[in-house]
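Trainee: Could we go through this structure together, slowly? I would like to learn how to read it piece by piece.

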Amino acid sequence: MTRVVVDREVCMSAGVCEMEAPEVFRLDADGVLQVGEPTDLTAVETAVRACPTGALQLVD
């Protein structure tokens, strides 16, 4: 099962992932990234590639 790993030291809460795959990524009220189950893998892959800091990684 593919899952998303977030490097919290690198994530700057830009919200690009949330724009690309809002069903999986959400910034909470404190700007902390919340990650759900990757249902639409194509959208999640796009979000991972679009992350400006490279904080997201897909792992099996």
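**Leu 33 and its surroundings**

Mentor: Leaving aside neighbours within four places in sequence, Leu 33 is in contact with Val 6, Arg 8, Cys 11, Cys 17, Phe 25, Arg 26, Leu 27 and Leu 56, where contact means heavy atoms within 4.5 Å. Please keep in mind that this is a predicted model, in which local features need pLDDT of at least 70 and side-chain atom pairs count only at pLDDT 80 or more, while totals for chains, interfaces and linings use all residues. Residues are numbered from 1 along each chain as its sequence is written, and side-chain values use heavy atoms, with hydrogens and water left out.

Trainee: Ok, is Leu 33 buried or exposed, and why?

Mentor: Leu 33 counts as buried because its relative accessibility is 2%; buried means under 20% relative accessible area, exposed means over 50%, and partly exposed is in between, using a 1.4 Å probe and protein chains only. Leu 33 lies in strand 3, and strands (E, at least two residues) and helices (H or I, at least four) are DSSP runs numbered from the N terminus.

Trainee: And how far is Leu 33 from Cys 11 in space?

Mentor: The two are 22 residues apart in sequence and 8.2 Å apart in space, C-alpha to C-alpha.

Trainee: Which residues have the most contacts inside the largest nonpolar core?

Mentor: Leu 33 is one of them, together with Val 4, Cys 17, Ala 21, Phe 25, Val 44 and Leu 56, in a core of 14 residues. A nonpolar core is a set of buried Ala, Val, Leu, Ile, Met, Phe, Trp, Tyr and Cys residues joined through side-chain atoms within 4.5 Å. Strand 1 (3-6) and helix 2 (41-50) are the elements that give two or more residues to this core, and the largest share, four residues, comes from helix 2.

Trainee: What does Val 4 touch, then?

Mentor: Beyond its neighbours within four places in sequence, Val 4 is in contact with Phe 25, Val 35, Val 44, Leu 56, Gln 57 and Leu 58. Val 4 and Val 6 form the covered face of strand 1, whereas Arg 3 and Val 5 form the uncovered one.

Trainee: How many bridges join strand 1 to strand 4?

Mentor: Four bridges join strand 1 to strand 4 (residues 56-59), and the two run antiparallel; strands pair if DSSP finds at least two bridges between them. One of the partners to look for is Val 59 in strand 4, which is bridged to Arg 3.

Trainee: New topic: what about Ser 13, where is it?

Mentor: Ser 13 is in the loop between strand 1 and helix 1 (16-20), and it has a positive phi of about 55° although it is not a glycine. Ser 13 counts as partly exposed because its relative accessible area is 30%.

Trainee: And Glu 18, what does it touch?

Mentor: Glu 18, which lies in helix 1, touches Phe 25, Arg 26 and Leu 27, not counting residues up to four places away in sequence. Glu 18 is also partly exposed, because its relative accessibility is 25%. The C-alpha atoms of Glu 18 and Cys 51, which are 33 residues apart along the chain, are separated by 9.9 Å.

Trainee: Last one, where does Gly 31 sit?

Mentor: Gly 31 is in the loop between strand 2 (25-27) and strand 3 (33-35), and Gly 31 counts as partly exposed because its relative accessibility is 23%.
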